[in-house]
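Q: I have a structure to read, and I am new to this. Please show me how to go through its features one by one.

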Amino acid sequence: MTSTRAMITKRIAPRLLTGLLVAWGAVTAAFIGMHALPGRVEDILAGDMSWPGLREAIAQEWGLDQSVWSQYVGFIWRIAQGDFGTSYVMRQPVADVIGPQIWPTVHLALSAGILAVVLAVLAATLTAGRGRIARAAASLIELACVSAPVFWIGLLLLLAFSFTLRWFPVSGADGWRALVLPAVTLALPTAGLLAQVLREAMEKALVQPFVVTTRARGIGETLLRLRHVLRHAALPAVTLGGWLVGGLLGGAVITEKVFGRPGLGTVTLNAVLSQDAPVVLAVVMLAALIHVLASTALDVAYVFIDPRLKVQ
Amino acid sequence: MYARSNSTDRSGHHKLSEQLTARRLMLLAGIAGAGMSLLAAQPAAANETPRSGGTLTFGVTTEPVCFDPHRSVQQNSYIIIRNYVDSLVAKNADGRFLPWLAKSFQKSADGKTYDFILRDDVVFHDGEKFDAAAVKTNFDHARDAKNAVPAGELLQSIEQIEAVAPHHLRLHLQQPDTALLESIASVRLGLLSPKALQAGAQLCGGGPALAGTGPFRFAGYTRGQSVALERNAAYNWGPGYAKHNGPAYLEKATIRFLPEYSVRAGALSSGQIDVIEGVQPTDVGQFKDQPGFQFLTGPSGAQTAFTLNINNTIEPATDVRVRQALRDGADIEALVKSVYRGTVRRAWSNIGPDNPLYNKALEGSWGLNVAKANQLLDEAGWTGRDAQGYRTKDGKRLGIEVGYPQPFVRDSRDVLIQGVQAQLRKNLGFDLKLRIITGGEWGQQLREGTWTIYPNTYLPADPVRELEGNIGRTGFIRAVSDKGDKELFGHIESALRATTADDKLKHVHAAQKRAVDQAVIVPLFAASYQLAARDKVRGLSFEAQLDSPSNLYDVWVAP
């Protein structure tokens with residue numbers, strides 16, 4: 001109990017507090033970025049339309065006639081109250097636009113993340129320290145997965161398993177069948193990278209004295225790798241995990257587009273292209289919060305993987 | 001709002017001759033007019049009785065940013081919007097206007113008063129009655145500047161809207177407006193329930209609240225995935241060009257957003273969806289003349305051709321010789337052919353070739369002439385050469401920037417411009433600089449009149465309004481129009497205010513000729529829509545007012 005409470009006060013609470021600062025910083029940076037882009041919001045919203053009073057009407061409607069500073073303060077104040085404002089181009093509350101899109105993206109990223117970990121662990125445990133050919137083959141496949149653009153992997157999978165074999169539907173978010181191809185598409189690059197890191201770490205661990213000792217106790221090779229070596233090798237991979245969360249979310253944007261799935265992808269892309277500031281800022285804030293949560297979770301995970309950290 | 005002038009259309013047009021077999025040509029002999037090529041590719045359906053019921057899935061390229069007809073400025077959104085929204089009048093393929101929600105309509109002799117007698121049996125999806133007051137509410141809402149409704153620009157000539165009787169609407173104009181009926185026929189002024197309009201802001205988000213009078217109601221929207229449409233069982237007021245009366249045949253339809261070309265094509269070829277819009281040149285062969293499929297090409301008449309608009313108020317484009325050299329220095333025909341593999345036509349005017357007011361005489365009147373173009377540049381004093389081989393004058397390089405707003409880049413159009421760029425460099429030593437800019441930067445350039453070349457396709461509208469919006473006094477050049485081409489402006493304004501059709505035609509032709517002769521435009525290609533579908537889908541067609549696929553009212557699925 002005490003150790004759990006200590007962990008919360010020592011590790012988690014400060015991280016979450018910093019997280020708020022990070023989110024604020026990210027939103028502020030995005031706000032500055034949006035305002036630094038050439039052209040005024042009125043220009044974008046008016047497009048090629050022009051009649052007397054139009055730009056003024058638009059500016060008044062969206063409060064763009066106020067100073068940048070008061071727009072910023074108003075914006076932060078509203079966010080603090082949970083109000084993300086209204087999208088300029090979609091003309092709906094940002095929360096209504098983004099809210100229903102969060103779960104599909106998280107669902108996809110989470111499925112892909114789990115799949116990536118499973119694939120990486122399998123590949124690494126099976127090939128680490130084995131024959132040269134097996135390792136070379138695995139490395140090659142991993143390299144291909146890491147280097148190939150996500151949309152290209154998606155198209156290849158679609159070609160094989162949807163268009164030709166017709167095992168899975170091409171698009172949508174109805175049921176597990178529609179999730180398989182997008183999740184695999186998104187998982188492969190992450191799995192490739194994780195597997196490479198994991199294998200290297202395992203190979204280092206395999207020559208450690210503790211392995212010799214454990215082997216001397218007569219443990220089977222599989223059990224040795226899964227129970228002892230993998231745990232030892234997991235730390236560098238977990239460190240990478242924080243970065244991979246970003247990769248998964250970014251990749252989800254492209255994957256959603258290829259597979260015509262709901263999610264934050266299309267919304268974000270369109271918002272950026274049309275300089276729809278309220279939506280962009282909300283997405284930035286959401287992304288910042290997810291990063292903070294993910295890195296906090298990883299921080300906790302270290303402790304469980306490596307008990308030595310508890311003592312410190 | 002940003003996609004206003006760069007409507008999201010798709011390229012690809014097959015020559016009529018390739019599609020029409022002799023027998024079908026004979027069948028078609030009686031039918032004149034633009035857009036008829038589409039009939040040729042339809043499966044033989046002469047003796048079939050349309051079947052009511054069933055569902056259909058339609059894969060489209062673009063997910064609309066906004067589903068409100070008055071506010072949406074993405075052409076590809078209208079493919080969907082047309083299913084739940086009707087207009088007062090309907091534009092036929094031959095350019096005539098036919099009854100729709102208005103039983104009849106009449107223009108006064110001075111062209112300043114329009115009377116519409118409305119149908120009295122029309123009901124909105126939310127149960128509201130359709131009448132003259134409802135139309136007035138729609139139009140007044142659109143033209144009220146404080147609502148900032150994009151479609152309001154179509155009603156600028158209107159002084160007052162009067163509901164004379166419950167089903168008698170009268171429009172009073174400030175001056176004659178030859179584009180008015182086309183504007184009224186536009187999906188952008190489609191009619192929404194007054195109750196929905198008053199409920200206000202959130203119509204962009206679609207859903208059942210967006211109540212029109214169309215053959216389908218907007219049942220649901222899953223962002224990023226699809227729109228669900230359900231048959232309006234009460235519907236009995238189709239447009240004058242519709243092929244049947246009563247409710248739509250299809251019970252339900254799903255519009256699927258599949259932005260990737262190859263994914264759409266694969267979904268159709270593997271039988272997962274029934275119809276797709278937007279077929280890339282390399283995929284056409286999968287469906288055209290293939291068993292089990294049909295392939296249809298739409299007209300290029302309602303939207304403008306993809307055109308380089310040149311700002312002739314900024315050096316060095318102030319010199320007509322420089323502009324003409326730019327116009328004739330590249331082999332546009334060959335470039336269009338190589339980029340689009342013969343699926344689209346090269347353009348000669350910015351008005352689409354299937355538009356009744358297209359100036360056909362411009363064909364062959366300009367184009368590749370490298371010797372002449374070089375001679376013009378020599379005469380204009382661009383005789384020096386710099387280290388990279390570009391022409392110079394007084395130490396300045398001969399160059400103009402093409403600012404292409406990123407949200408509008410699609411269909412390999414940037415590749416086409418790069419082709420022109422390479423040829424102008426090689427042939428003339430002319431530096432055409434392609435720069436991809438943001439929508440905001442374009443907005444700023446437009447406001448300040450500092451853009452130099454703007455490549456675009458304009459939303460479907462009356463050709464005069466297209467000319468005005470592109471190259472007229474209030475067009476892209478408006479900030480600096482006092483330095484623009486007065487003769488060109490004059491032709492366009494005369495066309496807009498003409499009181500006879502002949503007078504309008506004369507001025508529209510003259511304006512197109514002036515624009516090309518003076519090289520304030522370099523038309524590149526005539527964009528058109530394509531549809532590919534399973535062969536059992538019947539009744540697919542294109543809407544003359546939009547160029548894009550018609551709504552699903554006449555569509556049915558054979559057993």
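Q: Which residues touch the most other members of the largest nonpolar core?
A: First, some ground rules. This is a predicted model, where local features need pLDDT of at least 70, side-chain atom pairs count only at pLDDT 80 or more, and totals for chains, interfaces and linings use all residues. Residues are numbered from 1 along each chain as its sequence is written, chains are lettered from A and ligands numbered from 1 in the order in which they are written, and side-chain values use heavy atoms, with hydrogens and water left out.
Now the general idea. In soluble globular proteins, nonpolar side chains tend to be buried together. A nonpolar core is a set of buried Ala, Val, Leu, Ile, Met, Phe, Trp, Tyr and Cys residues joined through side-chain atoms within 4.5 Å. Buried means under 20% relative accessible area, exposed over 50%, and partly exposed in between (1.4 Å probe, protein chains only).
Here the largest core has 76 residues, and Leu88(B), Phe116(B), Phe139(B) and Leu171(B) touch the most other members. Helix H5 of chain B, residues 132–143, gives the largest share, five residues. Helices (H or I, at least four residues) and strands (E, at least two) are DSSP runs, numbered from the N terminus. A separate core has 64 residues, including Trp442(B) and Leu524(B).

Q: What is Phe116(B) in contact with, beyond its neighbours within four places in sequence?
A: Contact means heavy atoms within 4.5 Å. The partners of Phe116(B) include Leu88(B), Phe105(B), His167(B), Leu171(B) and Ile184(B).

Q: How many disulfides does the structure hold?
A: A disulfide is a pair of cysteine sulfur atoms within 2.5 Å. There is one over all chains. Cys66(B) and Cys204(B) form it, with sulfur atoms 2.0 Å apart. Cys66(B) sits in the loop between strand S1 and helix H4 of chain B, and Cys204(B) in the loop between helix H7 and strand S8, so the bond ties together parts 138 residues apart in sequence.

Q: Why is this disulfide called left-handed?
A: Look at the torsion about the S-S bond. It is about -80° for Cys66(B) and Cys204(B), so the disulfide is left-handed.

Q: Are the two cysteines buried or exposed?
A: Cys66(B) is buried, because its relative accessibility is 5%. Cys204(B) is buried too, at 2%.

Q: How many salt bridges are found over all chains?
A: A salt bridge is a side-chain nitrogen of Lys or Arg within 4 Å of a carboxyl oxygen of Asp or Glu. The search finds 34. One joins Arg199(A) to Glu142(A), at 2.5 Å from N to O. This pair links helix H8 and helix H6 of chain A, with the residues 57 apart. Arg199(A) and Glu142(A) are both buried.

Q: Where do Arg514(B) and Glu487(B) lie?
A: Their side chains meet in a salt bridge of 3.1 Å, N to O. Arg514(B) is in helix H17 of chain B and Glu487(B) in helix H16, 27 residues apart. Arg514(B) counts as buried, because its relative accessibility is 19%. Glu487(B), at 43%, is partly exposed.

Q: Is Leu126(A) buried or exposed?
A: Leu126(A) is exposed, because its relative accessible area is 55%. Leu126(A) is found in helix H5 of chain A, residues 94–127.
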